[in-house]
Amino acid sequence: MDDPLVIAGEAFSSRLIMGTGGAPSLDVLGRALAASGTELTTVAMRRVDPAATGSVLDLLKDHGIRVLPNTAGCFTAVEAVRVAKLAREALGTAWVKLEVIADERTLLPDPLELLTAAEQLVADGFTVLPYTNDDPVLARHLEQAGCAAVMPLGSPIGSGLGIRNQHNIELIVESAGVPVILDAGIGTASDAAIAMELGCAGVLLATSVTRARSPELMAEAMRLAVSAGRLACLAGRVPRRKLALASSPPVE
Amino acid sequence: MEITVNGEPRAATAGLSLAQAVALVTNAETGVAAAVNGDVIRRAAWEATQLSDGDQVEVLTAVQGG
């Protein structure tokens with residue numbers, strides 16, 4: 001079925017966006033990315049390490065995967081805007097996963113700094129994909145600021161706690177005019193399927209794959225879960241009922 | 001004069017260009033960006049950008065993350 005994820009006019013046949021953090025090696029990461037079927041994958045920007053061997057950029061290039069730089073580690077709008085501009089220079093893309101976190105303990109987004117950074121980056125011509133709280137009002141503000149998608153968390157980054165407030169994710173999906181991508185908190189395949197069943201346009205995950213016992217197997221599980229959840233969403237689930245509804249005809 | 005490259009102080013001759021400062025930490029042709037005192041400098045301007053005493057140079061690249 002031809003059902004692409006379209007962000008800012010660009011179509012992706014996979015609805016699974018991967019992160020690259022946490023993988024034990026580039027080799028393991030490469031096999032996981034291939035198994036996931038992803039076409040868009042995040043990287044972080046850091047000071048060059050003269051001793052580093054191998055490059056995540058080369059790996060993505062070899063796999064034909066588009067790179068999505070993030071602003072991970074930024075606590076203020078000023079820092080995030082600077083990192084986004086550095087990423088645009090280094091990688092030749094104006095797409096950015098905007099992350100502005102409030103503190104190291106929760107890694108929750110700082111809503112005020114996030115919105116400020118989003119406004120500045122949109123004005124500078126960036127395609128902004130903000131990692132945001134599961135707050136329908138903030139999601140609306142980000143969309144109105146010109147973001148190309150909104151990416152609410154299911155639960156804190158790396159926690160694997162799944163989607164703690166499904167109702168809020170549904171509310172965000174219902175009113176959003178841009179793709180909603182569930183970002184952060186996915187623990188296992190069923191969480192990804194639920195995100196898609198709730199109507200999300202895609203899922204972004206890293207830890208649940210890269211730190212799984214078998215990243216390659218989990219990546220395949222995520223690929224299937226995202227597809228299954230998407231199909232279920234399009235198909236429309238049956239209503240929940242209080243009492244039974246016989247599925248066989250009554251006895252004559 | 002003395003400049004800082006990625007947090008490390010380095011002795012430098014007057015008139016050192018940003019391109020030369022970047023070359024102290026990497027010889028990558030692509031995938032690298034630089035900022036001087038927080039201002040991002042386009043690669044095309046690295047040769048012509050002369051550093052001054054006390055300048056803070058940041059040289060970044062993509063790593064696994066997110």
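A:Lys97 is buried, at 3% relative accessibility. Its salt-bridge partner A:Asp183 is also buried, at 3%, and the closest N and O atoms of the two are 3.0 Å apart. The model is predicted. Over all chains it holds 11 salt bridges.

**Salt bridges between separate parts of the chain**
- A:Arg88 and A:Asp124 form a salt bridge through their side chains, at 3.1 Å from N to O.
- This pair links distant parts of the chain, 36 residues apart: A:Arg88 is in helix α3 (residues 77-91) of chain A, and A:Asp124 is in the loop between α4 (111-123) and β7 (127-132) of chain A.
- A:Arg88 is partly exposed at 26% relative accessibility, and A:Asp124 is partly exposed at 34%.

- In the salt bridge of A:Arg223 with A:Glu220, the closest N and O atoms are 3.6 Å apart.
- Both residues belong to helix α9 (residues 215-235) of chain A and are three residues apart, about one turn of the helix.

**A salt-bridge network**
- A:Asp3, A:Arg15 and A:Arg230 are joined into one network by salt bridges that share partners.

**Packing of helices α5 and α6**
- The axes of helix α5 (residues 136-144) of chain A and helix α6 (residues 166-175) of chain A come within 9 Å and cross at roughly 30 degrees.
- Because angles under 35 degrees count as roughly parallel, α5(A) is roughly parallel to α6(A).
- The crossing is right-handed.
- From α5(A), A:Pro136, A:Ala139 and A:Glu143 meet A:Asn168, A:Leu171, A:Ile172 and A:Ser175 of α6(A).
- By class, this contact has four nonpolar, two polar and one charged residues.

Methods: Residues are numbered from 1 along each chain as its sequence is written. Chains are lettered from A and ligands numbered from 1 in the order in which they are written. This is a predicted model: local features need pLDDT of at least 70, side-chain atom pairs count only at pLDDT 80 or more; totals for chains, interfaces and linings use all residues. Side-chain values use heavy atoms; hydrogens and water are left out. Axes are lines fitted to C-alpha atoms, for helices over the stretch in contact, and angles run from 0 to 180 degrees between N-to-C directions. Helices (H or I, at least four residues) and strands (E, at least two) are DSSP runs, numbered from the N terminus. Angles under 35 degrees count as roughly parallel, over 145 as roughly antiparallel, 65 to 115 as roughly perpendicular and the rest as oblique. A crossing is left-handed if the near helix is turned anticlockwise from the far one by less than a right angle, and right-handed if clockwise. Contact means heavy atoms within 4.5 Å. Ala, Val, Leu, Ile, Met, Phe, Trp, Tyr, Cys and Pro count as nonpolar, Asp, Glu, Lys and Arg as charged, and the others, Gly among them, as polar. A salt bridge is a side-chain nitrogen of Lys or Arg within 4 Å of a carboxyl oxygen of Asp or Glu. Buried means under 20% relative accessible area, exposed over 50%, partly exposed in between (1.4 Å probe, protein chains only).
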